[in-house]
Amino acid sequence: MSLVERQDTMNTESFVWDGGQGSVGDYIALLKPRVMSLVIFTAFVGMMLAPGNIHPVLATVSLLCIAIGAGASGALNMWYDADIDQIMSRTANRPIPAGKVSRDEAFAFGMTLSIGSVVTLGLLVNWFAGAFLAFTIFFYVIVYTMWLKRSTPQNIVIGGAAGAFPPMIGWASVTGGVSLESVVLFLIIFMWTPPHFWALALFKNSDYKAAGVPMMPVVAGENSTRNQILAYSVVLTPLAVAPYLLGFAGIFYGVSAGILGAIFLALAFNVWRVRDGEAARKATVHLFSYSIFYLFMLFAILLAESLIAGL
Amino acid sequence: MTREENGIKLTDEQQKRRRSRSIAIALSLVALVVLFYVVTIVKMGPEILNRAL
């Protein structure tokens, strides 16, 4: 759907301000707090692993700016996707479809926080990190939300980059640049995203179908999606061991990543093998739930090792 | 132009929510001022006391 077509569907009545219905909590919900918490966590790990020192106050400012930038992307995503959010059960209660915040209010809120977080990160920490945050917001809102999401089943593959940038921004806050290590952290989240979201899409297939979002199971079918989940898992699990092989994580991380990866592969294989009935649905739910735990554990162990090494 | 002239009448609930939004905005602005102040001190370090009079 192009931008021009999109204008036709906009509700012009929303330009008449009615005094505002949203509470502070509704505006916080626009920031997608759960996604934000994962972003803060991965950015923090990137910052802790980066060589060099950063003053704790500047580290806190960086995390705050990255979190607010991520939240602003979420608000702009909800602004643009309000029409499909009201169709899908998972998103129907979001502030805009629920009628608590208007689209214009969400847009103004998202833009203010986007600009504010980028400028603050640039002024107070460094402009490379600020520019990286701006690019991430651009990538998530323009490239993923406005362009890829509704036009290609590869939407979450390429769009997943936006979710994978935070550890690189954390790293850049300390070093002012990019390096192989931060790219590896990026790649782990990048390769994790397709199996994670396609597992969700397999058991929420009807939602995406109703909303007309071309998720992989809707376009290529469930069998093809299962093949691709397995393929990405085969690439992801050895890649997750790379921080140990490259020497910026310890043996404990290496062994843990191997074991956690073996379980991930087994669950992905189960999704690939069991294709019918309730058992198939359960397999996808298991993989989806485990994928969150898997990514959290990888980064938590990286963090724990760097904290112990710093003692 | 007042609210009444504008033809918009806020309900009690709307007024309550607007007040909480205004407080949240005020707190955010104060936090931003404090943040810039603290970072200025951190970046300048002890040098801030070491200037020519």
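**Notebook: chain contacts and domains in a predicted model**

I began with the interface and found that about 1,400 Å² is buried between chain B and chain A, with carbon and sulfur atoms giving 68% of that area; buried area here is the accessible area, for a 1.4 Å probe, that two parts lose on being put together, summed over both. I note that this is a predicted model, in which local features need pLDDT of at least 70 and side-chain atom pairs count only at pLDDT 80 or more, while totals for chains, interfaces and linings use all residues. Residues are numbered from 1 along each chain as its sequence is written, chains are lettered from A and ligands numbered from 1 in the order in which they are written, and side-chain values use heavy atoms, with hydrogens and water left out.

I then looked up who takes part, and the contact (heavy atoms within 4.5 Å) draws 14 residues from chain B and 19 residues from chain A. Sorting by class, I get nine nonpolar, two polar and three charged residues on the side of chain B that touches chain A, where Ala, Val, Leu, Ile, Met, Phe, Trp, Tyr, Cys and Pro count as nonpolar, Asp, Glu, Lys and Arg as charged, and the others, Gly among them, as polar. I find zero salt bridges between chain B and chain A, the rule being a side-chain nitrogen of Lys or Arg within 4 Å of a carboxyl oxygen of Asp or Glu.

The domain assignment, which is automatic or from a database, gives domain 1 (25-178) and domain 2 (181-311) of chain A, and I place their C-alpha centres 21 Å apart.

Between these two domains of chain A I find 32 residues of domain 1 in contact with 33 residues of domain 2, and about 2,800 Å² buried, of which carbon and sulfur atoms give 80%. On the side of domain 1 of chain A that touches domain 2 of chain A, α3 (33-49), α8 (155-164) and α9 (166-175) each supply at least two residues. By class, I list that side of domain 1 of chain A as 20 nonpolar, nine polar and three charged residues, and the salt bridge count between the two domains is zero.

Key
Helices (H or I, at least four residues) and strands (E, at least two) are DSSP runs, numbered from the N terminus.
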